Structures are given as C-alpha cells and as structure tokens.
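Look at the structure below and follow the text with it in view.

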Amino acid sequence: MTRHIVVGLGLLLAASVTSAGSAWAGGGEVWVSNEKDDTVSVIDVDTLEVTRTIEVGERPRGITFSNDHSILYLCASDSDAVQVIDPDSGKILHNLPSGEDPEQFILHPDNRHLYIANEDDAITTVVDVETRKVISQIDVGVEPEGMAVSPDGKIVITTSETTNMAHWIDTVSQKIFANTLVDQRPRHAEFTGDGKELWVSTEIGGTISVFDVASRAEKAKIRFEITGIHPDRIQPVGFKMTDDERYVFVALGPANQVAVVDRETYQPIDYIQVGRRAWHMAFTGDQKLLFVTNGVSGDVTVIDVESQKPVKTIKVGRFPWGATWRPGK
Amino acid sequence: MNAYLTSLIGITRRESLRFLSQKGRFFSALVRPLLWLVIFAAGFRAALGLSIEPPYQTYITYEIYIVPGLCGMIQLFNGMQSSFSLVYDREMGSMRLLLTSPLPRWWLLFSKLLAGTVISIIQVYVFLAIAALFDIRFSLAGYVAAFPALLLSGLMLGAFGLLISSRIKQLENFAGVMNFVIFPMFFLSTALYPLWKMAEASPLLRDLCAYSPLTHAVELIRFALYTQFNPDAFVWLVALTALFMAGAVAGYDPERSAILRRAG
C-alpha cells in the first residue's frame, strides 16, 4: 500500500513538474520607453536586468527599431518629434518632423517611411526618414493612435480613439480608401503575418475585432472575462501575435493581466498575472520571451512564451509605455 | 537491531498503520487545504497581484501565494492530530504499554514526533501533486528542496502539538485548543496573507504574524519551493523546535506527572 502511494505520488509529481525557468538563448536587448521619466530603459535579455537608462525627449511613447535594428525611432510626444537614436551609443542623432503630439507609429517594410499618428491633430503624418521630410499628412478620425502596416506594405491602418474607427490607408495614393467601425476607444492594430486578417483592440469596448482584410468585414469579436475582476477593468490595449500563428498575447490594462488568445478559435485560453496597467509588449527575436510594460507599477513583466508563465518583473522608469527588441552583437 | 532504532521503527509503523487505516483522516487532511485552494483562493484570485516580495520574482495570483501556507496548514493540523492521538492513547491506556519501554522518554516522544512528521510530509506531497493538476507547479528542484524544509517545519509543529497535549488531561479539552491555539495560529501567520497586506490592516496584527511560529514554517517552505533558503526562518524553526520539544519532554516527565497526581 505504502509503496503504491509513493510510486503514484512520484509519477504525479514527475508528470507535473514545470519546464518554466528553462534557459532561453535569444539574447539581445529590449528597449522600453518611460512615458513620465523622459527616458528609455534598456533591458539585457540574458540577465533580465536594466543595463542602461537613456535620457530622451519629453513623454516618450511609440518605440521601434529600423528593419536592420541599427536605428531606434522614438515618439517624443510632448517634444512634437520623432527622435532618431543610435542604439549603440544611446545618442540622439537627430529629430524627424512628426507633426504635433506623435503617439504611435509604424515603419513601412521599405524601411523608409514612418506613418505617425498625431493624437492632437487628427492626422496621420508620413515621414521619409532618409530625406527627413514630411511627404504627406492624411486627415483621420479624432485622436488617432493605433498604427499597423500590412506585410506587403500596401495598406496602413490608423485607429482613432474618439471616432471609434479603423481607417484604411492606401500607401500608394496616401489616401483613406475605407473606414470600419470598431468598439469604443481603439488602441492598437496588427495585421496577421499572412496579411489576411486585421486585429484591432478597443480599450473601453473591452474587445478585439478581427477583420477579413479582403472584404474588410468583421469576422470575429474577442471578449475577455476574468474571475474576480470587474469587466470595466478589462481593457485590451497592446497585443502581439506569435509567428507560429497559434497565440495572440493581449495586454488588458488595469486588469493587470495578459490574455492568451487562441488564433484558431478566437477565444482567450489563459490569463497571465502581470503588473499594474499592462500596456504594450515586445517579443524577443526567437519569440521565447515576451516583455510587457506595466505603466502604473513602473515595471516590465517577462513572460515565458512556451509555458505562458511570468518569470520575472523588472523595475524600469515611471510609466513604461512601449517596448521593442533588438538582437545582441 | 539497536533498541532505539527498533522503537523508532515500531512507533513509525504504528503511526503509519493508524494513518492508513483512518482513510477519513487522510481525505479530510487533503480536502481542507484543497477547499482553500479551489474555492477560497478562486474568489481572491486577483487580490494579491500587486507587490513583489522574495522569493517571488514577479506578480503572482493568490492561489500561488497560499500553496506554501496550505502546506503549513496540513502540517499544523497533522501535528495537532498526532498529539491528539497521544491524549487518546493516554485515556485508552495504550500509552502505558508504550511507556513500559526502558528507553528514555525523550526518545519515545521524538520517535512519535518523527513518525507524525513523515506522515505530514506524505500528505503535503500528495497535496502538491493535486495542486499541480490545478496548474500550480514548482520546479523539480523546488519540490526536492522543500523536503528538508517540510521535515523541520513538521518537527516544529509536531513538537508544538506534543507540548500542548502534555498539558491536556482530557480529550474534551482539545476543542478549546483548536479554537484558542490552532485557528489563531493559522490566521495570524503568513499562510493566507503576506505581511505587507497585514500591515495595511494593522501594524499590531503584522507584528503578531511576523513572530508566529507558523509564519516561520510557512516562509521556510515557501522559499524552499523556489529553491531559496530563508536563514531567519530556519534559525527560528530550530530554536522553536528545541524549545517546544524540551517543554514536551518536561510535560511528559513521569516524576512530574506523579507529583501532579499526588497533588491532585
């Protein structure tokens, strides 16, 4: 009897031992914009520690690397500029004209054109990063924020917070060719890797709308529900999709959770505890780790993508907003 | 075979047989913490996600927080139940048989204590295995590292039970012990809430929690499950075990008992 108990116990434990904490070999750095500190924190992926803090313009929010990761672009919203930073030295090389109050942007696959949402002016500004000139300004809805570009580079999306729309912009004519309604306060948009779907998160609506790109018809709406958390606090903001087309990780703002959505069923399958006001996120290049910014708690939670468990939370500056990854040397 | 070892094996065997024959005791020992985990913790799932304290490296949900506390709870109740059986043995007369052994009283008590601790550890690992099915898992090293921590915490809580049982004359008094010792000890510890949360309610409650014996047991187990060592909790546990054991040996001293009987 005792032997049976011991053997059974051993089998049960062996079957349940977690693989979390396994080594990841991604390396590189994650750069995080700290909205209220006017700084960028650089996190070493191997040590999961902040190695550098770089002073930048006022209210840094949108943050992304050039396609070869040699240049960092940063929306310094209250400086009304997109700053171009050398990531090796941390020096600001120059500012790009961006229009007023740039909040988010997206770099076109041609690595040359930045599409910038100007929150206060209801405009999407297109900037040529080589000539450093504004080549177009497109009127969009009130308080534009979310920006996405299709993988083929033909369509750019701007979502407007107050108009509650996704605006479809033709990158050749630089004109809006369609508008689609979404729920209240859209925050972030992403195309799927195959370009067939567009996903838009809505903060107040508490949903993600999935559109078929060809017909621009809504094909799914994702809702979230967490035991013990009031629905009003579940506010989807930033999200990222895995390249294997299995999962989408969604930051749920003041719910302090990240949802894991099944790409196939469009259903949330798990929730991961993170810090206060989960906002945006970035994968490492190998997609083994996901870094989620927690605005109110001033830290970044690192999630092991395979086990879908948080492994560490790292203190950064005040109100971390966006995050982006670059490979190590 | 060495007489000491024979008596240890004999007592352990008797405790094991008693435990295995009392299926109800085994299941109630498991159901109690599982109720806390599955029902109580579910309601508070999001309650504790907002502070990071060692050994945790990130925000955790409440059910993850209370698992080490529930391990302590299993050991606390088992320690009490084990000493409760001593009171029962004394009333039923089977203790007299045990005490006819020529071996020193402290060794018999220690054997009893160790046997009870081993049983509590088996219960804890079964509980951890069931918790793993609810997706609350630790690394393999964590499960291994928890063993010595559970051994020490089990000894301390068992010795505490022995000390209490040595002062109890009748089974009926045990209900009072549950109300006035076990439950306050359980609720005034870090088993269910971290100290920082207690401090928000009252600094006095926080201090009471900080010095509770169960707190040290729970914290040693908690750190061990994350393969970390908590030296403060360790020192406290060693000291408390020695203190409670000394008290229990004195309490079960035959000369003292005889004097008490004569006085009574």
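In this predicted model, helix 10 (residues 213–225) of chain B packs against helix 11 (residues 231–251) of chain B, with an angle of about 130° and the axes 9 Å apart. The crossing of helix 10 of chain B with helix 11 of chain B is left-handed.

Which residues make the contact? Helix 10 of chain B contributes B:Pro213, B:His216, B:Ala217, B:Glu219 and B:Leu220. From helix 11 of chain B come B:Ala233, B:Phe234, B:Trp236, B:Leu237 and B:Leu240. By type, the residues of this contact are eight nonpolar, one polar and one charged.

Now take chain B as a whole. Chain B has twelve helices and zero strands. Of its 264 residues, 44% count as buried. Among the contacts in chain B between residues at least 6 apart in sequence, 79% join residues at least 24 apart.

Four strands of chain A form an open sheet in the order 4-5-6-7, with antiparallel pairing. Strand 4 (60–65) and strand 7 (92–97) of chain A each have a single partner strand, so one side of each is left without a neighbour in the sheet. On average, neighbouring strands of this sheet are turned by 25° against each other, direction ignored.

Within the sheet, strand 5 (residues 72–76) and strand 6 (residues 81–85) of chain A pair in the antiparallel sense over five bridges. Here A:Ala76 stands opposite A:Ala81 in strand 6 of chain A.

Key. Residues are numbered from 1 along each chain as its sequence is written. Chains are lettered from A and ligands numbered from 1 in the order in which they are written. This is a predicted model: local features need pLDDT of at least 70, side-chain atom pairs count only at pLDDT 80 or more; totals for chains, interfaces and linings use all residues. Helices (H or I, at least four residues) and strands (E, at least two) are DSSP runs, numbered from the N terminus. A residue is buried if 20 or more other C-beta atoms lie within 10 Å of its own, exposed if 12 or fewer, and partly exposed in between; C-beta atoms are placed from the backbone. Two residues are in contact if their C-beta atoms, placed from the backbone, lie within 7 Å. Axes are lines fitted to C-alpha atoms, for helices over the stretch in contact, and angles run from 0 to 180 degrees between N-to-C directions. A crossing is left-handed if the near helix is turned anticlockwise from the far one by less than a right angle, and right-handed if clockwise. Ala, Val, Leu, Ile, Met, Phe, Trp, Tyr, Cys and Pro count as nonpolar, Asp, Glu, Lys and Arg as charged, and the others, Gly among them, as polar. Two strands pair if DSSP finds at least two bridges between them.
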